[in-house]
Every structure is written in structure tokens, then in C-alpha cells.
Amino acid sequence: MLIAGAGMAGLCAAARARELGAEPVVLEKGDRAGGSMLLSSCVVWRYRSFEEFRAQCHEGDERLQRLVFDRLDEGLEWLESLGAPVVERDTGNPLTTGVRFDPAGLTEALARAAGEVVFHKPVTVTVTVTDGPLVLATGGFQGDPGLVERFVKPAGELRLRANPWSAGDGLRVGLERGAALTDGLDEFYGRNMADVDFSESEFVPLAQVYGRFARILNENGEEFFDGEVSWSELDLVQATARQPSARAWYVLDEEALDQRVRGRPVREIVAEAPTRVELSELPFEAPAGAIAAVRVAAAITHTIGGLPVDEAARVLDEQGEPIEGLFAAGADVGGISTGGYASGLASALVLGLTAAEAAR
Ligand SMILES: Cc1cc2nc3c(=O)[nH]c(=O)nc-3n(C[C@H](O)[C@H](O)[C@H](O)COP(=O)(O)OP(=O)(O)OC[C@H]3O[C@@H](n4cnc5c(N)ncnc54)[C@H](O)[C@@H]3O)c2cc1C
């Protein structure tokens, strides 16, 4: 069994396959294990009820949502049984339940259980069927600006807020073998970030996740977001991606600055934002009552559309039939959280386990 990618989905698949007696080989394009999981906040979560999951991600594939929902708790126990260190048993969000792991510790525990990982070894379309079952776990296509432009269609280039190697290789292999594509190819998980260049260690601190309290304007001074911003703010990030230069301004009044986000006052986050400007520097007249303004740019963490799979993680063709020997897990799989937001780590864990069980 070949597994493409030593991130969350690939390492889970390899560790489970080995547990079941198989001898998988993991091919990793990058120079380290962990993919974007290692850079993440590492909260592996689900909605508290399946009905909430459906309501939040109403356009997603119900069968896959059911699979992720039903298997997550057992998956979390399995991660702990491998020695993954738990940081917190609470997501801090009343809608969801889950566990926050230490990302380095989780990567280490999974890599230990996964066995052989070959680095600097990207899986490409030249992998043949005779190489045996192949699990695609390359982490989505956000790292390829051409694919992002084609499918996500932003109005300006999106900054990458993810590992640099996930650039659609799984998608290419799937398409080469006759795979179909899911809906939601224009959707993505990401954050509106302070509009500056940033390093991996700034992925979390430079995220500006208080748009729901702000007036949101584009560079022309037009308010472009209708209705209420969702709790995850993914709808706002995706809408920002479609504005001129994929940028926006968050303009805040006293009431907005008094709000709290993840235990921190918005006032404090705004004060630290490197793209906070004086109101007189705005390219349009500040709305009445405004006190502060921050320029943000949409950044992409992973794509939401991708390859369709069935409940055994088998990649499906245009007729909805499984393609012999081809499996996918993690962000290479599309259609799970279409229309909303769900934990990418949770679906990578569950689909990784499922793929290993089906492929061995
Ligand atoms: C800052 C940040 C915070 C986040 N916080 C959370 C969170 O709290 N909770 C949550 O659920 N999600 C979170 N995420 C998202 C989460 O990290 C991803 O959903 C998850 O890692 C997806 O798993 P994956 O296995 O599909 O991809 P990854 O974990 O990224 O792994 C993909 C791997 O495939 C490799 N690869 C790429 N191409 C090839 C190829 N051709 N051949 C071989 N290998 C290849 C890559 O190098 C990488 O190692 C966060 C992400 C970031 C960046």
C-alpha cells in the first residue's frame, strides 16, 4: 500500500494500516512529517449533534458527514492510545466538542506508529496501478495558484496559510485515473489576515477573526457583506476573496472594540494588528462612530472541494463508481463541509482510518 502525504490523513492511514498488519509506505513531498497539521491549532472537533452539522454544512455529502460524526470520538481515543498529548478537552465553542492536541506531539506519535516515511518523494501521476492500493492524502490544492484561480476564482491572489507542498497533486492523480470532482470547488477554509507577508509562526497570531463585530468595506469603501457573518467567519473570508485585490477593511466602533474573541478583547487584537491605520488614512470616508480600522487580506488554508469518495474512502468516477485501488482522505476529499465549516483534522482522521481499513 502506498500512501501519498505524511500529514494528518496520511499518517493516520499508515498507522492504522500497520496496526492491521499491512506494511504501508508513506511518500512525502516535503522535508518533514505533519503537513499543515503541525502548523495548526490542532483542535480535532465535531458539532455536538448531527443535526447541527447538517445545518452548518447544508450542502455537504450527508453520508460522509455521518461517517465523520459517528467515528470521531473513537478516533480521538485511538490518537490518545498512540500517545498523542492532549492539551485541552474543550473546544471553547458551545456548538462543538473535541480535543486540542499538541501538534508536535501528535505528529510524533503518529509518525512513530506509521513506520516508514520517505521524504522529498512526491507522488505524481506516474504512479501506476501495479504499485498496489494508493491512498491520496496530499492535503488539497491551495498551494497551486493556477488551480486556485481556476476553481476558487478569487479576485486577487490569495496568500497561503498552510504548508507549502499541498498543491493539488492528489487531485491530478485522481483526475488522471478518471475521478470526478465534487461541488464546492470554489469554497475554502482560511482566515482574513493582517495584510502583510507572514511566516508559519504568524498563521494564528495575525488572523483577524472579529469581522462579525466590524463594518466590512472593500477598497472602494463599499459594504459588501450582506447579512450576519457566521461564527467561523469562513463566509466572510470567501466573500473577501471576491473583492478587489481580495482585500477588505474592518472598521470598528466602541461596541466592537469591547467584544471578546477567544478570551481576548478585540481592542487588544486590533492594537497589535500591523495593518491598523488612522481613520484619516482610509481610502474612503470613515463611517460615523468609527474608532479604528484594520486592512485584511483573504488567505487560504485548504480547499473544500476535491475528489468524491464513498463511505469506504474509495475515489469515485463520473458514474459514481469506485476506481479500483484508489482511495483518498483529508483535504484531497471534497464535499464534506460544503456550504459551511467543519474540522479538517476530524475528517482527515476518520477518512484516514477508513481508507486504511478498506485498502489493506
Ligand atoms: C494555522 C492553522 C490552524 C489550523 N487549525 C485547525 C484546527 O484547530 N482544527 C482543525 O480541524 N483544522 C485546523 N487546521 C486545518 C488542518 O491543519 C487541516 O485540515 C489538516 O491538516 C488536513 O489534513 P491533510 O492530511 O489533508 O493535510 P496535511 O496535514 O496538510 O498533510 C498533507 C501532506 O501531504 C504532503 N504532500 C503534498 N503533495 C504531496 C505529494 N505529491 N506526494 C506526497 N506528499 C505530498 C504535504 O507535504 C503534507 O505533508 C489548521 C490549519 C492551519 C494552517
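Reader: Where is A207 placed?

Author: A207 lies in the loop between strand 9 (188-194) and strand 10 (215-217). Helices (H or I, at least four residues) and strands (E, at least two) are DSSP runs, numbered from the N terminus. Please note that this is a predicted model, in which local features need pLDDT of at least 70 and side-chain atom pairs count only at pLDDT 80 or more, while totals for chains, interfaces and linings use all residues. Residues are numbered from 1 along each chain as its sequence is written, and side-chain values use heavy atoms, with hydrogens and water left out.

Reader: Is A207 buried or exposed?

Author: A207 counts as buried, at 9% relative accessibility. Buried means under 20% relative accessible area, exposed means over 50%, and partly exposed is in between (1.4 Å probe, protein chains only).

Reader: Which residues is A207 in contact with, leaving aside neighbours within four places in sequence?

Author: A207 is in contact with R161, R191, N192 and M193, where contact means heavy atoms within 4.5 Å. As for M193, its C-alpha atom is separated by 4.4 Å from that of A207, and the two residues are 14 apart along the chain.

Reader: Let us step back. How many helices and strands does the protein have?

Author: The secondary structure comes to ten helices and 17 strands. The radius of gyration is 20 Å, close to the 21 Å that the globule rule gives for 360 residues, so the protein is as compact as a globular protein of that length. That radius is taken over C-alpha atoms, and the globule rule is 2.2 Å times the number of residues to the power 0.38. The C-alpha trace spans about 65 × 40 × 40 Å along its principal axes.

Reader: What percentage of the residues is buried?

Author: Buried residues make up 57% of the 360 residues. Among contacts between residues at least 6 apart in sequence, 75% join residues at least 24 apart.

Reader: Which residues touch the most other members of the largest nonpolar core?

Author: They are M8, L79, L110 and L349, in a core of 91 residues. A nonpolar core is a set of buried Ala, Val, Leu, Ile, Met, Phe, Trp, Tyr and Cys residues joined through side-chain atoms within 4.5 Å. Helix 10 (residues 344-359) supplies the largest share of this core, ten residues.

Reader: And what surrounds M8?

Author: Not counting residues up to four places away in sequence, M8 touches G34, M37, L79, L106, L110, L345, A348 and L349. There is also a second, separate core of 21 residues, which includes A214, L236, A292 and V294.

Reader: Now the backbone. What is the phi of H120?

Author: H120 has a positive phi of about 55 degrees although it is not a glycine. Most residues other than glycine have a negative phi. H120 sits in the loop between strand 6 (117-118) and strand 7 (134-136), and H120 is exposed, with a relative accessible area of 58%.

Reader: What about A313: buried or exposed?

Author: A313 counts as buried, at 0% relative accessibility. A313 has a positive phi of about 65 degrees, although it is not a glycine either. Its place is in the loop between strand 15 (292-303) and strand 16 (314-316).

Reader: Another loop, then. Where is K153 found?

Author: K153 is in the loop between helix 5 (145-152) and strand 8 (159-160). K153 is exposed, with a relative accessible area of 55%. Leaving aside its neighbours within four places in sequence, K153 is in contact with V148 and R242. K153 and A241 are 88 residues apart in sequence and 8.3 Å apart in space, C-alpha to C-alpha.

Reader: Finally, which residues is Q56 in contact with, beyond four places in sequence?

Author: Q56 is in contact with Y47, L95, W231, G339, G340 and Y341. Q56 belongs to helix 2 (residues 50-56) and is buried, with a relative accessible area of 19%.
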